[in-house]
Amino acid sequence: MEIEGKIIAALPEQGGVSQRTGNAWKSQDFVIETHDQFPKKCVFRVFGAERLAQFNIQIGEEMRVSFDIDAHEYQGRWFNDVRAWRVDRIDPAAAQAAAAGVQPMPAPGAFPPPPAAPAAPAAPAAPAPFPPAQPEAEGSDADDLPF
């Protein structure tokens with residue numbers, strides 16, 4: 001899954017040593033806010049010191065985050081885990097235009113002009129009228145409805 005928006009918070013790094021393998025680990029949670037009509041916030045986690053260094057996420061940046069959602073149970077309660085596996089920076093101008101519902105203009109000569117649309121017909125055909133009502137025969141049960 002993907003989400004685009006602005007990083008509004010970086011929570012403190014967490015770390016420790018795995019009891020199972022004995023290896024050190026690091027993770028950090030970030031909050032991203034979308035640019036929808038009704039903005040939504042999502043907390044996602046980056047796991048691993050190498051990914052934290054590679055992504056180098058800063059507050060205020062416009063990002064596209066690809067993530068997986070998983071859930072785990074602890075003492076009878078369930079918790080979601082939103083783990084980022086890819087983070088891309090996006091152009092702030094493009095993000096603002098997307099939030100406003102406008103696509104940025106390409107540079108002149110960047111794309112060939114779109115093909116011309118075919119000419120529309122002069123006048124649309126009038127819809128066919130409904131078939132005329134048929135007179136009912138006397139004694140028919142056609143409208144003998146139970147309600």
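Start by selecting Phe47, which is partly exposed with a relative accessible area of 32%, where partly exposed covers the range between buried, under 20% relative accessible area, and exposed, over 50% (1.4 Å probe, protein chains only). The model is predicted, so local features need pLDDT of at least 70 and side-chain atom pairs count only at pLDDT 80 or more, while totals for chains, interfaces and linings use all residues. Residues are numbered from 1 along each chain as its sequence is written, and side-chain values use heavy atoms, with hydrogens and water left out.

The whole structure holds two aromatic pairs, meaning rings of Phe, Tyr and Trp (its six-membered ring) with centres within 6.5 Å, where planes under 30 degrees apart count as stacked, over 60 as edge-to-face and the rest as tilted. The rings of Trp25 and Phe47 are stacked, because their centres are 6.0 Å apart and their planes lie at 15°. Since Trp25 belongs to strand β3 and Phe47 to strand β4, this pair ties together parts 22 residues apart in sequence; strands are DSSP runs (E, at least two residues) and helices likewise (H or I, at least four), numbered from the N terminus.

From β3, move to strand β2 (residues 14–17), which runs antiparallel to β3 and is joined to it by four bridges, two strands being paired if DSSP finds at least two bridges between them. Gly15 has Lys26 in β3 as its bridge partner, and six residues separate the two strands of this hairpin, with Gly22 in the turn showing a positive phi of about 80°.

Next, select Thr34, in the loop between β3 (24–33) and β4 (41–47). Is Thr34 buried or exposed? At 8% relative accessibility, Thr34 counts as buried. Its side chain makes a polar contact of 3.3 Å with that of Asp36 (a pair of N or O atoms within 3.5 Å; within protein, one must be able to donate a hydrogen and the other to accept it, and residues adjacent in sequence count only if both atoms are side-chain atoms).

Finally, select Ile32, Phe44, Val46, Ile57 and Val65, which touch the most other members of the 16-residue largest nonpolar core.

Terms used. A nonpolar core is a set of buried Ala, Val, Leu, Ile, Met, Phe, Trp, Tyr and Cys residues joined through side-chain atoms within 4.5 Å.
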